[in-house]
Amino acid sequence: MISGLEELVKATAEKHGCLAGFTSTARLKDAPPSGDPEYLLPGAKSVIALALPLRKEHIHSFLTKESWNNHCENRKEAVKRLYTLGDTLVKILHDAGYSSVNVDINNNYRPEAGAADVTEMTDFLPEFSHRYAAVAAGIGRLGWSGNLMTPKYGALVELGSVITTAPLTPDALIPDAEHPCDGCRMCSAVCPVEMVPAKSGKEVQIAGLVEHIAEKQPNTCCWIGCTGYEGLSSSEKWSNWSPYRLDKKLPATKNELDTLCIALQKLDPQMENPDNSFADYRNAVFNPDWFYYTVCGFCRLVCWKEKRKRLQNRRDISESGRAALGLDGTHVRVKGAIVEIPTPFGVTVAIPEEDFKKRKLVSRPEKALFPLDREVIRYIQNLPL
């Protein structure tokens, strides 16, 4: 019975173009706290780890700043496919007599003491870690950045998990000799907020494997960079896709980073909306009008399977220039002069100089897909000539 169920689960995942592997709850006993499946499903015996590849051509154009939206749309489509596949697997397992949970793909965190909502969180501990499940299910290993790296696709995958009471047979782990991360440190070189140090490391144990990963900055540092409150590299020659800048260097201590991150979120129009994606990520993803706002993730996207590709990706990023906010609402690669304008939202915005000169001629930001962009443009339009 179980063998037939296992074959059906694997075949279903394959039809969806998705890698799938099984791990047991017992295997995850040595993982960090977010690797505990019983947090979401008491009595869980197994986890189905899922990894869906992203489209390389869209990633390439994202890294070179040839196109912003295509990768964002690809990510949204991938996440919807993972939710749909997870729902299908839950039904298969339910029909076989087992309880199961389709874990949220992202933006679902364990409560933190003293935090009223996500804007006051600083640790961002997931309810369940897709990365740890994928390591324990033999899909990949953790690269230096802490992202999952697969032998076939590198780190270019979106992850999902289904937790179940079914006693599935764990898949073989990837041994150290076949570890897909070769320690190239390209992930460290392309993080604009320097979240991933090149030398300082630590060990994480999962399923008896020991992963050697970077001793990263506090999670609020990553939140500031990947949310887009700061997108400019320390060299000031390139940025991620965010047009926003802080007026001073990021602080060095966790307490200062946490305080800054909370302050920025409290000023962010997206976070003021009770229907934001952090309140219900799944609903947001399936909303056809919701834009999958992605401005960074360079530490993952640089990490292709082939080292020569990783080296080229790093060069592409460093030569891609700086992003700015067009007053029609688009994020653009700056080709000419820019102006940087302080805003009431705790950030400075980079605007193409030509757009800024014509700010009174733009009736409304028709292409603005993100709440902060819309509010910043309205503010800029009201500035005196």
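Predicted model: local features only at pLDDT ≥ 70, side-chain atom pairs only at ≥ 80, totals over all residues.

How do the residues of the lining of the largest cavity divide into nonpolar, polar and charged?

Let me begin with the cavity itself. A search of the whole structure finds 1 cavity of 30 Å³ or more. The space in the largest cavity comes to about 90 Å³. It is lined by 15 residues, and those closest to its centre are Trp-144, Cys-181, Cys-184, Cys-187 and Cys-303. To return to the question, the lining comprises 9 nonpolar, 3 polar and 3 charged residues.

I turn next to a helix. Helix α3 covers residues 69-95, which is 27 residues. At 1.5 Å a residue, α3 should therefore span 39 Å, and the distance of 39 Å between its end C-alpha atoms agrees with this. Just after α3 comes Gly-97, with a positive phi of about 100°.

My last topic is a sheet. In general, the strands of a sheet pair through backbone hydrogen bonds, in either a parallel or an antiparallel manner. Here, 3 strands form an open sheet in the order β9-β13-β12, with antiparallel pairing. The edges are held by β9, residues 244-245, and β12, residues 338-342; each has a single partner strand, so one side of each is left without a neighbour in the sheet. Strand β13, residues 348-352, pairs with β9 in the antiparallel sense over 2 bridges. Within β13, Thr-348 is the bridge partner of Arg-245.

Thank you for your attention.

Definitions and conventions
Residues numbered from 1 in each chain as written. Heavy atoms only, no water. Helix = DSSP H or I, 4+ residues; strand = E, 2+ residues; numbered from the N terminus. Expected span 1.5 Å × (residues − 1). Pairing = 2+ DSSP bridges. 1 Å grid on protein atoms, 1.4 Å probe; cavity = no way out; pocket = protein on both sides within 12 Å on 5 of 7 lines; lining within 4 Å. Points joined across faces, edges and corners; volume = space filled by probe spheres on them. Nonpolar A, V, L, I, M, F, W, Y, C, P; charged D, E, K, R; others polar.
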